[in-house]
Amino acid sequence: MAKLVSFVFVLSLLAFAPLCFCGRNNGGFGSLYPQYYDHSCPKAKEIVKSIMAKAFAREARIAASILRLHFHDCFVQGCDASLLLDSSGNIRTEKNSNPNRNSARGFEVIDEIKSALEKECPQTVSCADILALAARDSTVITGGPYWEVPLGRKDSRTASLSGSNNNIPAPNNTFQTILNRFQNQGLDIVDLVALSGGHTIGNSRCTSFRQRLYNQNGNGQPDKTLPQSLATELRNRCPRSGGDNNLFSLDYVSPTKFDNSYFKNLVGFKGLLNSDQVLLTGNDASAALVKKYADDSEEFFEQFAKSMIKMSNISPLTGSSGEIRKTCRKINT
Ligand code: HEM
């Protein structure tokens, strides 16, 4: 009898899960589920995937750029596509924040996906879900792990420029500040190290790591954890002044391949950003994780997928909260 009661209880939880927990979700996985569009827009996942594949064929870096957009969206008001809004009326775009200005890219590809989805099934698939799917596809396209993306997010009617400036970690933050910013989003040290593995693909501008080369602690000295030879090489194209937008691979070994060489680089003190290298030098627990992922790419892939699902579940708008935007760049009128 007890078994029957608990069976019925679990069943009813499953049946009602999509209907409850509406509004800003606390990060539990209750309200989102992978089959969300199976009836309302059965081709949605396929459409995202094929446009991502075309965009990747045009330019390999796009995968990295889109993966980053999802991260920068989720850390500000949750994964609600607030990052995609342009300035207008009361909205001050997050695209102008310190982490995003002259840096965040890939918005045109999201527009392309959205307009294809609007043709296929009007006002059905949210921009927030497009970002979550496109980030997964970016990972797979570059050789990384696959996971089923829980879906059903709605889009915000607001953006937060200050949230974008304050919540997203900066490359010159201390280990503790970076960890705090992850913890503020309900993510832990394991998520921090695994998700930083996203830097196995993509580029950084000189301006994001220059401090390490010339003046790490305000005393005119370079970062002492940076090997001489690497410092010399980087200074060639990242001078003391000028060249701010010169690009460098975050993972110099295999910049367009999603693999664990990012962690191998860190073990060899060859991380590009200060925020990368401090995962090895700033904390014993994170150093152990870096070494684990450097040794075992399967462990990294498995944890990356888990942590991505966790990050994708930060405070989604669900149910009658938020809206399905017609255009990702502006709220519905
Ligand atoms: C842990 C804290 C993090 C910091 C401080 C950080 C910082 C940065 C910085 C400074 C850049 C280069 C931006 C530029 O110079 O234009 C960058 C690029 C990138 N980040 Fe992060 N990041 C962090 C975590 C993450 C996470 C969690 C992900 C995804 C899971 C991610 C994915 C990326 C990708 C893919 C790029 C390359 C983008 C491109 O080539 O367009 N980052 N990050």
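Me: How far apart do the C-alpha centres of domain 1 and domain 2 lie?

Reply: The C-alpha centres of domain 1 and domain 2 lie 23 Å apart. The bounds, from an automatic or database domain assignment, are 44–168 + 312–318 for domain 1 and 175–310 for domain 2. This is a predicted model, in which local features need pLDDT of at least 70, side-chain atom pairs count only at pLDDT 80 or more, and totals for chains, interfaces and linings use all residues. Residues are numbered from 1 along each chain as its sequence is written, and side-chain values use heavy atoms, with hydrogens and water left out.

Me: What area is buried between domain 1 and domain 2?

Reply: Buried area is the accessible area (1.4 Å probe) that two parts lose on being put together, summed over both. Between domain 1 and domain 2 it is about 1,900 Å², with carbon and sulfur atoms giving 63%. The count of salt bridges between domain 1 and domain 2 is 0.

Me: Which residues of α13 meet α14?

Reply: Lys292, Tyr293 and Asp295 in α13 meet Ser297, Glu299, Phe300 and Gln303 in α14. The axes of α13 (residues 284–295) and α14 (residues 297–312) come within 5 Å and cross at roughly 115°.

Me: How many salt bridges does a search of the whole structure find?

Reply: Side chains of opposite charge can pair when their charged atoms come close. A salt bridge is a side-chain nitrogen of Lys or Arg within 4 Å of a carboxyl oxygen of Asp or Glu. The search finds 14 salt bridges. One of them joins Glu59 and Arg105, whose closest N and O atoms are 2.8 Å apart. Glu59 lies in the loop between α2 (44–58) and α3 (62–74) and Arg105 in the loop between α3 and α4 (107–120), so the pair ties together parts 46 residues apart in sequence.

How values were computed: Axes fitted to C-alpha atoms, helices over the stretch in contact; angles between N-to-C directions. Helix = DSSP H or I, 4+ residues; strand = E, 2+ residues; numbered from the N terminus. Contact = heavy atoms within 4.5 Å.
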